[in-house]
Amino acid sequence: MFREEDLTFERVERLNEDGVLLHDKKVVSDEQVLEMYQWMLKARLLDEKLLRMQRQGRIGTYAPYSGQEAAQIGSVFALEKSDWICPSYREHAGNMVHGMPLEQIILYAKGHLHGGRVPEDVNILPVQIIIAAQTLHAVGTAYAQKYRGEKHVSVSYFGDGATSQGDFHEALNFASVYQVPAIFFCQNNQYAISVPVEKQMASKSIAQKAVAYGMPGVQVDGNDVLAVYEVMKEAVERARNGEGPTLIEAVTYRLGPHTTSDDPTKYRSKENVEPWREVKDPLRRVRLYLENSNLWDVEKEKAFVQTFQDELDHMIDEIESKEKEFPKVEEAFEYVYQEKNAQLEEQQAEARRIREEGDWHE
Amino acid sequence: MSEITMIEAIRQAMTQEMERDSRVLILGEDVGRNGGVFRATDGLIDQFGEERVMDTPLAESAIIGTAVGMSLNGLRPIAEIQFLGFIYEAMDQVANQAARVRFRSTGRYHVPMVIRSPYGGGVRTPELHSDSLEALFSHTPGLKVVMPSNPYDAKGLLIAAIRDEDPVLFFEPMKLYRSTKQEVPDQLYEIPIGKAKVVREGNQATIVSWGPCVPMLEKLVDQYKKEGAHLELIDLRTVAPIDAETILESVEKTERLMIVHEAVKTNGIGAEVAALVSEKGVFSLSAPILRITGFDTPYPVGTIEDDWLPNEKRIKDAIQQLLSY
C-alpha cells in the first residue's frame, strides 16, 4: 500500500529570514545575488506602479505579483535565454528577467492590441488566462525541442489553484511518459482567489503529486531566492541531460489581491498577511544579506529606486502620450487567420467605416 | 416589492429556492467565503453552511461533472462557472454529459441542474472574461439557454430554471449586474422559459435582442418614437428554445427584422432567428433581414472593444436601412 505517511517531506532553504546563509555551499556569486536583488526590486516597483495606475483608471484589471519575486526571479535565473517560458497572468517579474520588455508589460496592462505580442527573440508564450492550460504547452514545446535534438528546456509557471485542474495532471503524465525536458514550476501562493490551499487539496504538499507521475518533486521556500535558484538549476540540468521532467513547488504568498477586482479582507485576516509583508518578505532577506556583505546600503537602494522609477515614469509618459495612436478595431481582423476570408474583409470595412463616421464616442 | 439590482435579484432567487427546497445547493469557485466574484452568493454560506454552498477546488470540468452526478441522484445543484469563457474547460461535461443523459437513458435519468455564468463586454476585463457563447449551447440538443436583461426577469427565470427538469444554462450580463434597479416582488414567482417579451410595441420594424443589448435598444427605440418612428423591440429572454411565435407575429405586422447580439456573427443566434423567419415568415418581409453583432474575431482587448461591440451608430444605420424599404 502507498501511504502519504511514508513520504519524506523536506523544504529546501538556503537563506533565512535574517539574511543569513544556512550552509556554506553557495552556488551563486555575490555579484549574482546583487543582480537578483536588483531585478526583484525593479519587479516590486513595477508591480506597485501598475497597481496605482489601475486605481487611477489608467490600466484595466490587474493581477499583482508582489511577494512572489524570489520564486519567479530565482527560477528564471537558472534558465538560458533559449529556454521556453509558458506563463500564467501573474508572471511579469520572471518574464522581465527572461527578456520581456517593460513596454510590452505596460501595453498589455493598457489593453493595447499588441499587448500579447512577445518579441521575436524572446521565448515566452502569451499571458495565459485559463488556469493550467499552459502546463500542456510546456509539454509540447519541450517535445519539439527533444524531437529536434535541441538542449533547451520548457518551464510552465502556474499557481496552487492550477493543480486542481485536469490539464495539470494530464501535463505531468504526458511529460513523464514522453520524458520531455519540461519543468512544472508551481508558485503555491496559498490562495486561489479566496480559496486557501488547504481547501484546494487534501494532500500535504503539491510537490508530492510528482510521485504519482514518476518524476522528482521538490518543495522549496519560494521566498528564498537562493534556494529557488538552486532547485531550479538542478531540475534544468536534469531536463537538459535527457533525464525528464520535474515538479517544483515554491511556497510563497500573494501579498495583494487576486486581481484589482477583489477584496482579500473578505477571506483572510490582517494577522495572516502581516508576517509575509514583513519578516517573510522575499526582498528583505536578500537585502539584509547584501548589507551584511557590504554590497548594498540605504543610499544605494535610494539611488537605484529613483533611477528605475524615473525610467518607468518616462516610459509610461511616452506610451500614454501616444494613446490616441493605439491600433484601431479594424486591425484586429488581421490576426484571426493567415488570410482574411470574405466575411472578415466585409466586416473589417464595416468596422472601419463605423469608427470613422462615428460620433458616438470621443 | 423592493427596488433591487440584477445581482440582488439573482441572489434572492437562489436564497428563496434554497429555503423552500433542501435539494437545492450551490457549488463553484469562490462562491462561499468570498460570496462569488460578483457577490451573487454573498452571505449564503453563513445561512446555509458549507455543505450547501461549496467552495470547490479550481476545476470547471469537476464542478459540472459533479453537479451532473448530484442531479442524477436527487439533488438540484446550481453550478457557477466564474466567467463564461472558462466553460470550455467543462465542455464535455456540459455537452456530452448533462445534455445527453435523458436521451442516453431514454428517460430513466435526467439532469435538473442550472449552470450560472457571467458574460458580456464593455467592462474592460482581461481576455476570455467577456465572450458571449450562447450559440455553442443552443446548438447542443438537450440544453436550455436563458439570458435575462433585467432584475425582474432574472429572478423569475432563475427560479424557473432551478425548478426545470432539464439542464439550464443561465447567462448573466455582467454589465447589467448593478447598472439599474427595478421593482421586484419579494415572493417567489416564475417566468416561463422559452417565452419572449415584447418590451416596446411598434409597427415599422422589429428588433430582436437579449441580455446586455436590451437596455441600450430600449433607449434607442424610445428616441425613435419621439421622432415618429415606431419600432417593436422583442427581448428573447431565452435563446434555446426560441419563441418563434412572438417573432413571427411581430414580423407579420412590421415586415422588417433586425437582430442585435454581442456574440460573433457567423452561426450565431441571429442566424437562427433569420432562418426561422425565412422558413415561416418570408412572405411578410419587405426588407432584407439585418444582423448587428460582434465581429467575427475573438473578443478583443479593452482599447477597441467599444468599436467591436454593436453600438448606437451601427444600429441606427441599420434602422435607417430597414425603414428605407
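Colleague: Which domains does the domain assignment of chain B give?

Modeller: For chain B, the assignment gives domain 1 (2-184) and domain 2 (197-323). Keep in mind that we are looking at a predicted model.

Colleague: How far apart do the C-alpha centres of domain 1 and domain 2 of chain B lie?

Modeller: Those C-alpha centres are 26 Å apart. The contact takes 25 residues from domain 1 of chain B and 21 residues from domain 2 of chain B.

Colleague: What makes two residues count as being in contact?

Modeller: The rule is that their C-beta atoms, placed from the backbone, lie within 7 Å.

Colleague: Which elements give two or more residues to the side of domain 1 of chain B that touches domain 2 of chain B?

Modeller: They are helix 6 (134-138), strand 6 (144-146), helix 7 (151-163) and strand 7 (168-173) of chain B. Helix 6 of chain B gives the most, with 4 residues. By class, this side of domain 1 has 11 nonpolar, 8 polar and 6 charged residues.

Colleague: Let's stay with chain B. Why is helix 1 of chain B called largely enclosed by the rest of the structure?

Modeller: A residue is called buried if 20 or more other C-beta atoms lie within 10 Å of its own. In helix 1 of chain B, 11 of the 15 residues are buried, so this helix is largely enclosed by the rest of the structure. Among the buried ones are B:M6, B:I7, B:R11 and B:M18.

Colleague: How do you know that the span of helix 1 of chain B is close to the one expected?

Modeller: The expected span is 1.5 Å times one less than the number of residues. Helix 1 (residues 6-20) has 15 residues, and its reach from first C-alpha to last is 21 Å, close to the expected 21 Å.

Colleague: What do the buried residues of helix 1 of chain A pack against?

Modeller: Their partners include helix 2 (69-76), helix 9 (225-240) and helix 12 (298-321) of chain A. The buried residues themselves include A:W39, A:R44 and A:L50.

Colleague: Which residues touch the most other members of the largest nonpolar core?

Modeller: They are A:I73 and A:I248, in a core of 197 residues. Helix 9 of chain A supplies the largest share of this core, 10 residues. Leaving aside neighbours within four places in sequence, A:I248 is in contact with residues including A:F184, A:V218 and A:M232.

Colleague: How is chain A divided?

Modeller: Chain A has domain 1 (10-325) and domain 2 (328-362), with C-alpha centres 37 Å apart.

Colleague: How many residues does the contact take from chain A and from chain B?

Modeller: It takes 42 residues from chain A and 33 residues from chain B. Helix 13 of chain A gives the most to the side of chain A that touches chain B, with 7 residues. That side has 19 nonpolar, 16 polar and 7 charged residues.

Colleague: What are the scores of the model?

Modeller: The model has ipTM 0.94 and pTM 0.96. Chain B averages a pLDDT of 98, and 100% of the residues score at least 70.

Definitions and conventions
Residues numbered from 1 in each chain as written. Chains lettered and ligands numbered in written order. Predicted model: local features only at pLDDT ≥ 70, side-chain atom pairs only at ≥ 80, totals over all residues. Nonpolar A, V, L, I, M, F, W, Y, C, P; charged D, E, K, R; others polar. Domains from an automatic or database assignment. Buried ≥ 20, exposed ≤ 12 C-beta atoms within 10 Å, placed from the backbone. pLDDT = per-residue confidence, 0-100. Core = buried A, V, L, I, M, F, W, Y, C linked by C-beta atoms within 7 Å.
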